[in-house]
Amino acid sequence: MTAVVVARAPAKVNVHLGVGPLREDGFHELHTVYLAVSLFDTVEVGPGDGLALSVAGEGSGVADGPGAVPGDRTNLVWRAAELLAQHAGVPADASLAVTKSIPVAAGLAGGSADAAATLVALDAFWGTRVAREDLLGLAARLGSDVPFSLVGGAALGTGRGEQVSPVLAEGTTHWVLGIAGEGLSTPAVYGELDRMRAAGQLPAVTGAATAEPVLAALRSGSAGELGPALANDLQSPALNLRPGLRRALRAAADAGALAALVSGSGPTVAALAADEEAAVRLAAELAGTGVFRTVRAVAGPVPGARLVA
Ligand code: C5P
């Protein structure tokens, strides 16, 4: 057995997020297009007697604050380890060290990335060689975004987002991620969407129902085409819960972004740039506005959870 195994997994941006009706199981039917971007969390696993977990890194949140990542069994990483051990019939013995660069509760699927990296790292560490399909099934049980964190690249997500099919993406698109303020709770943002729809403040199902314009733009690799196609049904509810986000979106537009939208349930703003150079300029400009706590230039698509050599 190797002494330690390290895996990493990327953050995601939903370049299209169409939210359908609330289902009986409490989830919403989704039609989303995920893009994995070059901001990674890593998970290092090593020998242990039972499970032990430590979390560190700039994305791990203020210690004991509302955004802090739990270092106990409520963490998705812990649950991923228990689920894999149970599935493979091996004892759940490992020490797990998560190093976070992906901000917590930011709409970037940081927790899902950690869970996906854990599955990949422990599968190698324990030598369990779980079939890819089974690993995807375990991922879906952990969270709606976890299967995509395994797959990476660019993919269409259906069901509650857990059914992923890769889509063609030509070349690379460049983004600046701006994180403004404290994290937002995903269930709260979905709840606000339901409330706004029930109150007639939003149509029952919005124009984000079709992902075709985004898929066509990804196929062509044209950032100019992708900008106007970006759509997120969770943006209005996120803006309602966090009015300051309007200023963040405006700052991105003023700084020359081709387009900007709230990523997933927010509060990250994803600003699209024409190319890498423009993204670096945009990042510098946005960092200087004082609107964002963290600003990162990233690119996508990148692969999903992988062992690090
Ligand atoms: O699957 P995950 O644990 O990430 O979902 C967190 C919460 O987000 C769910 O409990 C639900 O409130 C909301 N959600 C939803 N519809 C989805 C995905 C998530 O309502 N498709």
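Predicted model: local features only at pLDDT ≥ 70, side-chain atom pairs only at ≥ 80, totals over all residues.

Modeller: Pro301 is placed in the loop between β11 (294-300) and β12 (306-307), and the peptide bond that joins Gly300 to Pro301 is cis, with an omega of about 5°. A cis peptide bond also joins Gly266 and Pro267, where omega is about 5°, and Pro267 belongs to the loop between β9 (259-262) and β10 (268-273). As background to both sites, most residues other than glycine have a negative phi, and most peptide bonds are trans.

The backbone of Ala109 deserves attention for its phi, which is positive at about 60° although the residue is not a glycine. Ala109 sits in the loop between β4 (94-99) and α2. Lys100 is in the loop between β4 and α2 as well, while Asp41 is in strand β2 (residues 28-46), so their pairing ties together parts that are 59 residues apart in sequence. The two residues form a salt bridge in which the closest N and O atoms are 2.4 Å apart, and the structure holds eight salt bridges.

The crossing in which α1 passes α2 is right-handed. On the α1 side, the contact is made by Leu76, Val77, Ala80, Ala81 and Leu84, and these meet a set of α2 residues made up of Gly111, Ser112, Asp114, Ala115, Thr118, Leu119, Leu122 and Asp123.

At the level of the whole chain, the protein is divided into domain 1 (5-167) and domain 2 (173-300), with C-alpha centres that lie 22 Å apart. The contact between these domains takes 30 residues from domain 1 and 35 residues from domain 2. The size of an interface is often given as the accessible area lost when the parts come together. For domain 1 and domain 2 the buried area is about 2,500 Å², and carbon and sulfur atoms give 63% of that area. Charge pairing is a separate matter: side chains of opposite charge can pair when their charged atoms come close. Across the interface of domain 1 and domain 2, however, the rule finds zero salt bridges.

Key:
Residues numbered from 1 in each chain as written. Heavy atoms only, no water. Left-handed = near helix turned anticlockwise from the far one by under 90°. Helix = DSSP H or I, 4+ residues; strand = E, 2+ residues; numbered from the N terminus. Contact = heavy atoms within 4.5 Å. Domains from an automatic or database assignment. Buried area = accessible area lost by both parts, 1.4 Å probe. Salt bridge = Lys/Arg side-chain N within 4 Å of Asp/Glu carboxyl O.
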